[in-house]
Structure formats: C-alpha cells, structure tokens
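Let's take a walk through this one, stopping at a sheet, a helix pair and a pocket. Have the structure open as you read.

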Amino acid sequence: MRGKVDTIRVMDRLSIKTNMAGGLRANMQFFGPHCLDSKGNTMTFGQQMAIVSHYLHNKSYASELVYKGKALELMEDIGNHIGRKDEGNIVSDEAAQLDFFNDFFDVPFKCCDNPKFTFIDLFAGIGGFRIALQSLGGRCVFSSEWDEQAQKTYLLNYGEVPFGDITKEETKRYIPDDFDILCAGFPCQAFSLAGKKKGFEETRGTLFFEVAEIIRRKHPRAFFLENVKGLLIHNGGKTIETILNVLRNDLDYYVPNPNIVNAMNFGVPQHRERVFIVGFRKDQGVKDFSYPEPTDKTKTFADVKEENVVSAKYYLSTQYMQTLISHKARHAAKGNGFGYEIIPDSGVANAIVVGGMGRERNLVHDDRLTDFTPVTRIKGEINHEGIRKMTPREWARLQGFPDNFIIGVADASAYKQFGNSVAVPAIKATAEQIINRLDFSPHNYRKQ
C-alpha cells in the first residue's frame, strides 16, 4: 500500500507488530540510550518519530537546527539496534541511518524544495492547511496534532509524524524560529474566562491562548486562524472581542475584521461556513486586506459522487430508515425542522460534522446497488430505495481533498477527520490573499 513509509520496516525489525496504517499505538515503544526528553522523561515512539521525521523534512534548511541534535541521536539508537539484531554490527554512519527512513518521502504530498515561504501547522488534523499552503509554494517546518488517528493519516500523506500536545513546553521547544505564517484551526473550546478580565490573561486556559503564546514568542510575519462561525456570537460577542484585543493590542498585529467564508463558494458542493481570522505583523506594512471573492459556486453533489457502486455497508437498513422517519416526524409535529435529509445529485451538501445527525443530514439516493446482502450486522434488511450514507471519499471531496489523498484508517475515524477538517479550497483562496500582501523575495530558506 502506498504511503507505508520505511518506518514500518523499522518497526517490524524492532519486533513491533503493527504498521503505520495501523498507527502509532500507545503500546508501541522503543527504548534507546537517547530516548529521554529535555526533562528526563521517556519519549513515546510517536514523539521520537516526530523529531526524526521533522528533521528529515527540514534537512539542509535553516529550520533543521531545532531537530538535528536529538534526531541524529534517535536515528543512531534505532540504527544500532537494527544493526546488532540483523547484521551483528553497529550502524553509526549517518547515511546508513538515513536509509532506514528514506520512504518518509514516498508520499502523495511532498514538501516544496524551493519554498516561497514557510509556515507551521497547529491543530493540524489531517493537513487541510498544509495541502493548501504547499500548493502555493509554502514549506511546512512544524506540525502538531494530538489525535493519534489523525497523526496516522497525516503521516501517510505527508511523511511526517506531527508533534503531540501543543500545550506542553516539550512540544513548543521544537517550533523553529523565523517561519513566515502560523496556521491554526484551533478547536472551539469554551472560553469560560472571557469577559472577566482584560487582555492577554483573559484567554488563559483556552487553546487560543496556546496559539497566542506561540505568536508572542515567534513573531511570525502573518497568521491564519479558522474556527466555527459561532465564535463571533459566543458569550454575546465578548469572546471574539477578547481574541481580537489580544491579537491587535497585546501582540501588536494588524488584524482586519474576521470574515465568514463559505466553502460552497470555492468549488466544493458543501454549505460550510467558517470564520477566518488573519493578521500581519506591523512591520510588514500591510494596512488593508480583502478576503477572497467566490471563485466557483457551480458544483453539486454529482461532482463528488462515487463513480462506481459502493459497498452495501453504506446503505441504511429498513429499521434504521424507519427510526429516522419517525424521529423527523416527531420534530415536525413540534414545529422543528430537525431530522435526516437526502441530498439530490443536483444539490449541495449540508456541513459535514462529527456526531449528532452529521451523516444523516447528508444522505443520498443511489439506486445502483444490486446485491442487498448485508456485509455488517444490521437490524432489518438493506433498504431497496437506494438510500445510503456518503462514503469517506465523498466527504474528502466535499472538503476539497484530492483523490490521491490516502485514507488509511477505519471509516469511523475517517468521518471524524474529514468532519473536523478545514475546507481546502477556501483555505487556499484566503492564503493566497495573505501571501499576496507579503514580500517574500529574495529569500533563501536553505542553510547558509
């Protein structure tokens, strides 16, 4: 399977019975002489691979320095272990050690060799920001994502293991200096302290504070943040007021008013509104900014629908169909419009979301199934009306991920990952506006 990096071979040779598509499981561990972090704690194998993969992707660039020392030590540990186990000798040569990991680069979405700019990918998910900015000539020099399933998908597609919990100093210490743009689709965590204090301190305890703290320390030339549109009205508007006060006054960035951007205006058939917040360091001379105008509002579900007949597992059972019908009828009787929806081929999907009615509000009609034999345990029979859930690949397309994006996790995880992701085309269109405001020439990101 494409995307299984050479780390699988390393893991197998370390007698770890798994592969990277199966994931960086919690019980996977490798103990070498250099496996302790700066505080003397034993690093997980995932942490070790984050350092190694980041070093390899930043090798020969100035941004390699933060990773190099520890990465070379960890690579020596693994190389020596494998050398002793398989050949009876020590592998101390760096070139030989690098050979163990060369397939980190055999992935669909490679880093740009001659970047126009650099960026970091916080709360990275499955890399929606990364695909968008790489396609514009950017090079990612740091990624962070705590969810292990999302880390697997990220590795399969970019050849890089994201660092974990960004709230930990041990994670922050690996963020390079002098990157250009900070990207973060930070979670919509409750801002319970908003409105009770003033300024920077008001955001402590929220994940936005972690983003703000990194901006304060690293002073990127620009930032690009994404969140649900409800952020604008949360706590009567006090939350966004606090955020903007921190960004504009405490951190001293030019921050135009946030804007709600709908993915359906940028070439994907999904009604998905998200709030975008961009900012520029004052010395960049940016004094005005316009969010992108719609580029393509013509796409419908037919443009992302599976070309071939999909598995029977995506079709609803007769019993579950009746449950949905009854559920919708109960709400309709109360004057509510809540319930399942069937998106026609000529229609636009509702926002794909995780949990609740996320999948049921985006059912489709597909009468191509001829074998109604269940392939999973269901109550009742498969319905003969052709009603099914969208597939993970269809959700990927609704978010603008290309078809060579590897889905190497179970369906449940895939739905969660795409539902939580950003819409790539909307991100790309906005990032292009940011880049156009900045002067990147001449600039050499390679080591001098």
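Two strands count as paired when DSSP finds at least two bridges between them. Keep in mind that this is a predicted model. Look across from histidine 365 and you'll find isoleucine 387 of β12 standing opposite.

Now widen the view to the sheet. The order is β9-β11-β12, three strands in an open sheet with mixed pairing. β9 (342–343) and β12 (387–388) sit at the edges with a single partner strand each, so one side of each has no neighbour in the sheet.

Next, the helices. α8 (residues 207–218) packs with α9 (residues 238–250) at an angle of about 10°, and their axes are 11 Å apart. Angles under 35 degrees count as roughly parallel, and α8 and α9 are therefore roughly parallel to each other. On the α8 side, Phe208, Ala212 and Ile215 make the contact, meeting Ile243, Val246 and Leu247 of α9. Sort the residues of this contact by class and you get six nonpolar, no polar and no charged.

Last stop: the largest pocket, with a volume of about 650 Å³. Its lining takes in 30 residues, and Phe123, Gly185, Pro187, Asn420 and Ser421 lie nearest the centre. β1 (117–122), α5 (128–134), β4 (222–228) and α12 (411–420) are the elements that give two or more residues to this lining. The largest share, four residues, comes from α12.

Definitions and conventions. Residues are numbered from 1 along each chain as its sequence is written. This is a predicted model: local features need pLDDT of at least 70, side-chain atom pairs count only at pLDDT 80 or more; totals for chains, interfaces and linings use all residues. Side-chain values use heavy atoms; hydrogens and water are left out. Axes are lines fitted to C-alpha atoms, for helices over the stretch in contact, and angles run from 0 to 180 degrees between N-to-C directions. Angles under 35 degrees count as roughly parallel, over 145 as roughly antiparallel, 65 to 115 as roughly perpendicular and the rest as oblique. Contact means heavy atoms within 4.5 Å. Ala, Val, Leu, Ile, Met, Phe, Trp, Tyr, Cys and Pro count as nonpolar, Asp, Glu, Lys and Arg as charged, and the others, Gly among them, as polar. On a 1 Å grid over the protein atoms alone, a cavity is a set of points where a 1.4 Å probe fits but cannot get out, and a pocket is an open set with protein on both sides within 12 Å along at least five of seven lines; lining residues have an atom within 4 Å of a point. Grid points are joined across faces, edges and corners, and a volume is the space filled by probe spheres set on the points.
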